[in-house]
Amino acid sequence: MIHVEILDYIDTNGKFLIKGVSTAFINAIRRVAMSEIPKLAVDFIRIYDNSSSLYNEMLASRIGLIPLKTDDLEFFKMPNECECNGEGCSSCQTILSLSAEGPKMVYSSDLVSTDSSVNPAYQDIPIVKLYEGQRVICEAIAKLGIGKNHAKWQATTICAYRNVAKIDIINCDLCGDCIKECPKGLLYIDKELRVKNILDCNLCRLCERTCSIDAIRVSLDEYQFIFNIESDGSINVKDIVNTAVDVIENKLINLKAGVAEIGQRRRT
Ligand code: SF4
Ligand code: SF4
Ligand SMILES: [Zn+2]
């Protein structure tokens, strides 16, 4: 039975305790969350004027990495799945324009979207500093994509898990040496040696090394994990995790269908 507990949550950052799953399962969620969650990012730029100190390529790279947020991600289709066959239409792309003249600092807030539901996730991302007389005029085309193809489509900035610690204490003589060594202050004596909050244990094993009679053993709990996930602001963490689970489910459905088809072919 899988048990999920939310330890910490805001839209862009989540910390979960997940029990009853294998390393393979949690790693599948991590990998899919990093590389297979569709999100919008600028994929093509038409630069009409650029007299700034940045080359066109650098300007394009900076704009491409600005996370874009939309209220209606499901409206957009992947270019290769769109009726336009990837030619570009309102179902698979949207345009943001930028027109700025120095002296000024150009920020992500200067990108003007033709679709009011698509906007930079943060308004204060610096793009380029323009001096007197310098100008940037361009049109940026945003499309759906996945992190597997380019980092600009990666919705997570942190996506990592670690095992919860397991601490066994046997034949302890209550000398207290390990208590002083624990950098997290987790150990204390109350009739016997106890651990305050196992989730805070960083598995450093200093307690184990200090004990001269091997009374304390630190190991990994193979079925309990702390999963940390941080979004770049384009999609909230809840949607990233839900979509990751859907993607894995679809992969399994396809695998099952594929295996059934092979079995069918063998019988005929
Ligand atoms: S576990 Fe070892 S070091 Fe810690 S109190 Fe017990 S005997 Fe002492
Ligand atoms: S492994 Fe490190 S953090 Fe965990 S209880 Fe031992 S000393 Fe403390
Ligand atoms: Zn299209």
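The site of the zinc ion (ligand 3) is tetrahedral, with angles of 97 to 117° among its four donor atoms; four donors count as tetrahedral if all angles lie between 85 and 135 degrees. The ideal angle for four tetrahedral donors at a metal is 109.5 degrees. The model is predicted, so that local features need pLDDT of at least 70 and side-chain atom pairs count only at pLDDT 80 or more, while totals for chains, interfaces and linings use all residues. Residues are numbered from 1 along each chain as its sequence is written, chains are lettered from A and ligands numbered from 1 in the order in which they are written, and side-chain values use heavy atoms, with hydrogens and water left out.

The protein donors of this zinc ion are the SG atoms of Cys82, Cys84, Cys89 and Cys92, which lie 2.2 to 2.3 Å from the ion, donors being N, O and S atoms within 2.8 Å of the metal (3.2 Å for Na, K and Ca). Along the chain, these donors follow the spacing C-x1-C-x4-C-x2-C. Cys84 counts as buried because its relative accessibility is 16%, whereas Cys89, at 26%, counts as partly exposed (buried means under 20% relative accessible area, exposed over 50%, and partly exposed in between, with a 1.4 Å probe and protein chains only).

The protein is divided into domain 1 (3–35 + 157–229) and domain 2 (39–153), with bounds that come from an automatic or database domain assignment. The centres of domain 1 and domain 2, taken over C-alpha atoms, are separated by 42 Å.

Notes:
Four donors count as tetrahedral if all angles lie between 85 and 135 degrees; four count as square planar and six as octahedral if opposite donors are over 155 degrees apart and all others between 65 and 115; anything else is irregular.
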